[in-house]
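Hello,

Here is the structure I said I would pass on. My notes on what turned up in it follow below.

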Amino acid sequence: MIPQVFKEVIDLGDGREISIETGKLAKQAHGSVVVQSGKCMLLCTVVSNYEQKDLPFLPLTVDYREKFAAAGRYPGGFFKREARPSDGEVLTMRLVDRVLRPLFPKDYTAETQVMIQLMSHDDDVMPEAMAGLAASAAIQLSDLPFECAISEARVGRVNGEFIINPTRAQLAESDIDMMIGASADSVMMVEGEMEEISEEEMIEAIKFAHEAIKLQIEAQHRLADAFGRKEVREYEGAVENEDLAKKVHDMAYDKVYAVAKAGSSKQERTIAFATIKVEVKASFSEEELEEYGGLVSDYYRKAEKAAVRDLTVNEGLRLDGRKTNEVRDIWCEIDYLPSVHGSAIFTRGETQALATVTLGTSRDANKIDMPSYEGEENFYLHYNFPPFCTGEARPIRGTSRREVGHGNLAQRGLKGMVPDDCPYTVRVVSEVLESNGSSSMATVCAATMAMMDAGIKMIKPVSGIAMGLISDADSGKYAVLSDILGDEDHLGDMDFKVTGTADGITACQMDIKVKGLRYEVLVTALKQARDGRLHILEKLTDTIAAPREDVKPHSPKMVTRRVPNEFIGAMIGPGGKVIQELQKETGTTIVINEDPVTEEGIIEILGTDQEGIDKVLAKIDSVTFKPVKGSVYEVKVIKVLDFGVVVEYIDAPGNEVLLHISELAWERTTNVTDVLNMGDVLDVKYFGVDPKTRKEKVSRKALLPRPPREDKKDSPSPKKED
């Protein structure tokens, strides 16, 4: 018998609905829901062990997977089975994790796993927009300690109208693509890309999404009430010792404040803070440290955080001596690597990124093969964060989720400024060589210069900046920090990264840690970010004011030709023989695609040698050559026959036509060789297809002066014989 199912429906306001139900599937999980919109269905489960881990953080795993069966497809590759998550799946995991993690208690350390699976796909529904809703709904049905329900929504804008959870087709027409995560009271996460919108427009989009999120949260509450709320589990929380906390605070606070105010470098500051911590611990006996050592370290960290925050809020000073709106010293350099197609170094304080650009054909496009989306990216960016950039030594185990996320943010900030008619596939790689605050924004700046150095005709240069916020709830004071340090990222109430041109925002990523942040504060922060962004942009354009007029001499030149579909086979040849021999002969790379709309052949020629490219173009001209009726062409005799000669068009080698013996001259020709021989070059006139022979007709005699006709009346009559 099918168990009782509990279900709630959310009206999106335009005829679409989202339903959340529980009671039928995955009942051994601590919480499970099925979220559905159209034919798209997500199953989300949450399980948390009852044993606390001895860890200083919550071991939370958010896992999002798309099953190929959901779209009626097989996984690619030899093994027909889903394997490691795609970048798209990783990005969805990060979107959900960033909203959920702060809402668990600080001292809750039980291993927790949230699993979200796409079980059925709908082409008109983008599933990642419902992943946050599914995760929160499952948690609401469990006994996990969790502060409050949340949800996430995607917002687009088409023709000036905001849309919640737009379809992929609507998103293609939208000038905004943002994901917002929020509770009923507070916005907690924002990430997206835009077409140079203003700060005010961005705030409007966030407000619109927040109203829709409130409706989704209400539906979660109704579902949990109908299902029956579980009593929140008890767990062994952190031990607190107020006297010990006060003692550590009194010993450390003033010393930390003095070091923070000194405006030292990261290394000097780290050593000084470590020394203070050692001094604090030295004031306790071995027995006390054995019993309270962990608490002493925790309370020291809290004292350090309080001192640094107070310095910034009260005096407007920061750890490295800057004022709140100051950007660190910047130096830039382009064309640093001699062999690559484009390169640039961007250094801001103790953060440094080296970006490289590689130019390729459509064959080098980044192929995306997910159940929910198949496509190609002709511009993509990869971001690497090796351990040495922070002075650490640790194992490298593949690309981390953080690297995927930071690279995606930089890519989204830049891709709108790559022109649609860029003939290349462009791959940018950012190597972070030093990091102390926002290497992803350094990546945007380095990538902008590297692309301009490579000769990519960017529509406008893009810069990026990371901002922070420190607020005091008691006094109402707050400080917005431009170009945050790594330490400020950890101790602040909000960190947000904004990329854009001189005319507007192109991408953003925000994580808001303070509840009830006023929109006025957010507008202030965004406008301060604009000032910093423009300052950085000026540094970039001082280094390289405009893209190179052409690619570098050693970089491949790209030429694209369109040809009628009927000629593609001739260009490729039997078994690819023609195109392979042509590539070998000319030293070029030739890619032939078909335009799905016009069905024309698109031929891409990539090569460093112009002579080789010209040879390929000549071959295309030859293959696609069509003589025009009434035109005169220069030809060469390549074969002599009894009834004429075969000639080849000089401008289109390989294109042959028969010049019949009757078209050689006005006079009667008995022997072809009396007029033409092998190798002779001459002009002929093209008459099109002869309706009698149904073959192409050319003539030499049509270009020769016609001899005068003999007058029969004037000719003597023959004498009669006697």
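This is a predicted model: local features need pLDDT of at least 70, side-chain atom pairs count only at pLDDT 80 or more; totals for chains, interfaces and linings use all residues.

Leaving aside residues up to four places away in sequence, M178 touches A153, R154, V155, V190, E191, G192, M194, M202, A205 and I206.

A search of the whole structure for cavities of 30 Å³ or more gives one. The volume of the largest cavity is about 40 Å³. Its lining is made up of E21, T22, G23, K24, L25, S32, V33, V34 and L43. By type, four of these lining residues are nonpolar, three are polar and two are charged. Two strands, β2 (17-22) and β3 (31-37), each supply at least two residues of the lining. The largest share, three residues, comes from β3.

Last, a helix. α9 covers residues 439-454, 16 residues in total. From its first C-alpha to its last, α9 reaches 22 Å, close to the 22 Å expected at 1.5 Å a residue. The helix is mostly covered, with 16 of its 16 residues buried. Just after α9 comes G455, which takes a positive phi of about 95°.

Regards

Note on methods: Residues are numbered from 1 along each chain as its sequence is written. Side-chain values use heavy atoms; hydrogens and water are left out. Contact means heavy atoms within 4.5 Å. On a 1 Å grid over the protein atoms alone, a cavity is a set of points where a 1.4 Å probe fits but cannot get out, and a pocket is an open set with protein on both sides within 12 Å along at least five of seven lines; lining residues have an atom within 4 Å of a point. Grid points are joined across faces, edges and corners, and a volume is the space filled by probe spheres set on the points. Helices (H or I, at least four residues) and strands (E, at least two) are DSSP runs, numbered from the N terminus. Ala, Val, Leu, Ile, Met, Phe, Trp, Tyr, Cys and Pro count as nonpolar, Asp, Glu, Lys and Arg as charged, and the others, Gly among them, as polar. The expected span of a helix is 1.5 Å times one less than its number of residues. Buried means under 20% relative accessible area, exposed over 50%, partly exposed in between (1.4 Å probe, protein chains only).
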